[in-house]
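Let's take a walk through this model together. Keep the sequence and the 3D view side by side as you read.

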Amino acid sequence: MAVDNGGGNNGDPELSDSLKTFGAVLKALRDEAGLTQEAFARKVRYSTHYIAKIEQGKRFPPADLPQRAEDALGGAATKVLVAAARSLTRKAGLASRFHQWAGIEEEAVSLYTYECRVIPGLLQPESYIRAIFHRHLPPMGEDHIERQVTSRLARQSLLVDRPNTSFCFMIEEALLARRFGGTDVMRELLDRLLSDNRRRNVEVLVMPILQEDHAGFEGSMYLAENASNQWLGYIEGHDNSTVITDPQAVSPMLQRYGKLRSQALSRQDSTSLLEQMRGAL
């Protein structure tokens, strides 16, 4: 199941080793250039935290990193980095697209989500995450499930680590009415949604089941605005995913999201509905 979890290869040992190898190459080139992580991060215009994650093999490097690193590392070193990035991309396959999106998430100044399939991964409590992976087909091994759970919970630190990022999560009421995972799971989920909706930079909006004018028939989507005020899109499903960078392709997604936002319940009304559903359990 690829829904907001980084693809089925998140626990792939080969991909993990490839990410660590790329990180080691980047660190060696940075050390050879006599740059600290902080100095290198300033030169390539990414955060020190993000560069540290890449060097640790915990994040897929952005496509433009070698280009940004040329002034810092020099032409010869950049060629080595380009070759390492190409090798990593070939080994990572489709699942690598989510690693790229995870990096985009970490640098985003605005992050918008519309989900009609499952609760967005950044909002899922542990019990909900486990309910998803225990229902995965084909079945996953316990070790693989534990890696997936750990990875997803770690991603959720973004809501705390990025206080200046604007998060908006739009979810279908049907996802809550379904009571996926059972009553206990839903109780924990609703508590989590109510808690996150109290954060000053987070909005959790509910799209009511009865909504004749609904712009979400194209399906779930993710949008991010980076530090350069460029908007990027991401879509996924059935173990396939795509990062969208073409402004002409992202523009319709932004239009649809804006329309959906006007059709969803307000933040206050969404909170009231969540509280009612919580009280009914």
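Let's start at Arg30, which touches Leu35, Thr36, Gln37, Phe40, Glu55 and Leu73, not counting residues up to four places away in sequence; a contact here means heavy atoms within 4.5 Å. Arg30 is found in helix α1 (residues 13-32), where helices (H or I, at least four residues) and strands (E, at least two) are DSSP runs, numbered from the N terminus. Is Arg30 buried or exposed? At 6% relative accessibility, Arg30 counts as buried, since the word buried means under 20% relative accessible area, with exposed over 50% and partly exposed in between (1.4 Å probe, protein chains only).

A word on the ground rules: this is a predicted model, in which local features need pLDDT of at least 70 and side-chain atom pairs count only at pLDDT 80 or more, while totals for chains, interfaces and linings use all residues. Residues are numbered from 1 along each chain as its sequence is written, and side-chain values use heavy atoms, with hydrogens and water left out.

One of the contacts of Arg30, Phe40, brings us to helix α2 (residues 37-44), whose buried residues are Ala39, Phe40, Ala41 and Val44. Just after α2 comes Arg45, with a positive phi of about 65°, and this is a residue other than glycine. Arg45 lies in the loop between α2 and α3 (48-55), and at 57% relative accessibility it counts as exposed.

Now let's turn to the helix packing. Helix α11 (residues 183-196) packs with helix α13 (residues 267-280) at an angle of about 155°, and their axes are 10 Å apart. Axes are lines fitted to C-alpha atoms, for helices over the stretch in contact, and angles run from 0 to 180 degrees between N-to-C directions. The pair α11 and α13 is therefore roughly antiparallel; the scheme counts angles under 35 degrees as roughly parallel, over 145 as roughly antiparallel, 65 to 115 as roughly perpendicular and the rest as oblique. In this contact, α11 contributes Arg187, Leu190, Asp191, Leu193 and Leu194, and α13 contributes Thr271, Leu274, Glu275, Met277 and Arg278. Sorted by class, the contact of α11 with α13 has 5 nonpolar, 1 polar and 4 charged residues, where Ala, Val, Leu, Ile, Met, Phe, Trp, Tyr, Cys and Pro count as nonpolar, Asp, Glu, Lys and Arg as charged, and the others, Gly among them, as polar.

Helix α11 also packs with helix α7 (residues 126-134), at an angle of about 130° and with axes 8 Å apart. That makes α7 oblique to α11. Here Glu126, Ser127 and Tyr128 in α7 meet Val185, Glu188 and Leu189 in α11, giving a contact of 3 nonpolar, 1 polar and 2 charged residues. In the loop between α7 and α8 (142-155) you will find Pro138, joined to Leu137 by a cis peptide bond with omega of about 0°.

Leaving aside neighbours within four places in sequence, Leu176 is in contact with Ile119, Ile171, Met186, Leu189, Leu190, Leu193, Val206, Leu274 and Met277.

At 35% relative accessibility, Ile235 counts as partly exposed. Beyond its neighbours within four places in sequence, Ile235 is in contact with Ser220, Met221, Asn240, Ser241, Thr242, Ile244 and Met253. In the loop between β4 (221-225) and β5 sits Asn229, whose phi is near 65°, a positive value in a residue other than glycine. Asn229 counts as exposed, at 53% relative accessibility.
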